[in-house]
Amino acid sequence: MAGRFAPRTARPAVPHQAAPAAAAAAATAAASAPAGRTEQALTREWTPPGPLDLRLVLGPLRRGPADPTFRMVADGTFWRATRTPAGPGTLRVAARDGRIEAAAWGAGADWLLDQLPVLLGATDDPDAFVPRHRLLAVTRHRRPGLRLLRTGLVLESLIPSILEQKVTTDEAYRAWRLLVRRHGTPAPGPATDLDLHVMPDPRTWSLIPSWEWHRAGVDNKRSATILRAVRVARRLEEAAGMELPEAKTRLELIPGIGPWTSAETLQRSNGSPDAVTVGDLHLPGIVGHALADNRDADDDAMLTLLTPYEGQRHRATRLILLSGHTPKRRAPRMTPRNIAPL
């Protein structure tokens, strides 16, 4: 059930009946303003079919506290800059009295508002999950607003996932931040103080020189994987409309994209409740500790423990992580010096 929504409306930046002098001044200002900053805002309201926690739903899109494509402000409003099939767009989302209020700017505004319910989990079915462990039952009861988002966009999740391969999260977040700010474009809309940027298009990614990757701390293997991916961007984007096995196969045809990267991507682009992350340094121990008091679990042991949740294994791991029931660290944090090479 997709919920109820109000039709989109446009908010003109200049009064429709402006006097000729005022209209001329407005036109002059628009011509001198940065590109993408003077569009009309399109708006939409949507009533979700049940509880919805925007922080939980949209949180996986955030790649670090200074992600240039994502912001959450103090009043609980979320901002997202992205590259849609129709072009760059900025989306502002807020929850108000059980309704979702959204505004969008840029060439991708219509697309973003059309996809709003899907983005916020309207096609997700939380009731399909049957908890078989008390920890998961309690966590689900305490987090009724959790739904799995679905962006419908592959590349925007694939590229930062590649950057996160076998490095610390801080390194990956830094690389994403530097590359998007330097080679992306300012986000359309009014939020100039938020310094939002839209990630580069595939051609721009392909033209980034080697020294820029090096400056961002990205090694040759990861940059080469990204370059291979953007060369077939259209084919990869088709995976957003595929079932999980076919989508994984499509992504993993690219050398350098394995099960970890494809799962991390499809959790976001496809909203797949079963795209469990294997090959992660910490997740098997977290799942093992939560479900069997076995903090030394490996991937095989984790998948065995998650067998009762076949079809919902990603949701199960999300609930485990949200429970806070994680083992204490026994070793120092990884540093760039002790990470195995790719």
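Strands S4 (78-84) and S5 (87-96) each contribute at least two residues to the lining of the second largest cavity. In this predicted model, the count comes to two cavities of 30 Å³ or more. Strand S4 also lines the largest cavity, as does helix H6.

**Second largest cavity**
- The space in this cavity is about 40 Å³.
- Its lining consists of Leu58, Phe70, Phe78, Trp79, Arg80, Leu91, Val93 and Leu119.
- S4 gives the most to this lining, with three residues.
- By class, the lining has seven nonpolar residues, no polar residues and one charged residue.

**Largest cavity**
- The volume of the largest cavity is about 150 Å³.
- Of the 14 residues that line the largest cavity, Leu61, Thr69, Ala81, Glu156 and Trp176 lie nearest its centre.
- S4 and H6 are the elements that give two or more residues to this lining, and the largest share, four residues, comes from S4.
- Six charged, five nonpolar and three polar residues make up the lining of the largest cavity.

**Helix H6 and its packing**
- Nine of the nine residues of H6 are buried, Glu156 among them.
- The axes of H6 (residues 155-163) and H13 (residues 259-269) come within 9 Å and cross at roughly 145°; the crossing is right-handed.
- H6 makes the contact through Ser157, Leu158, Ser161 and Ile162, and H13 through Trp260, Thr261, Glu264, Thr265, Arg268 and Ser269.
- The residues of this contact comprise three nonpolar, five polar and two charged.

How values were computed
Residues numbered from 1 in each chain as written. Predicted model: local features only at pLDDT ≥ 70, side-chain atom pairs only at ≥ 80, totals over all residues. Heavy atoms only, no water. Axes fitted to C-alpha atoms, helices over the stretch in contact; angles between N-to-C directions. Left-handed = near helix turned anticlockwise from the far one by under 90°. Contact = heavy atoms within 4.5 Å. Nonpolar A, V, L, I, M, F, W, Y, C, P; charged D, E, K, R; others polar. Buried < 20%, exposed > 50% of the residue type's maximum accessible area, 1.4 Å probe, protein only. 1 Å grid on protein atoms, 1.4 Å probe; cavity = no way out; pocket = protein on both sides within 12 Å on 5 of 7 lines; lining within 4 Å. Points joined across faces, edges and corners; volume = space filled by probe spheres on them.
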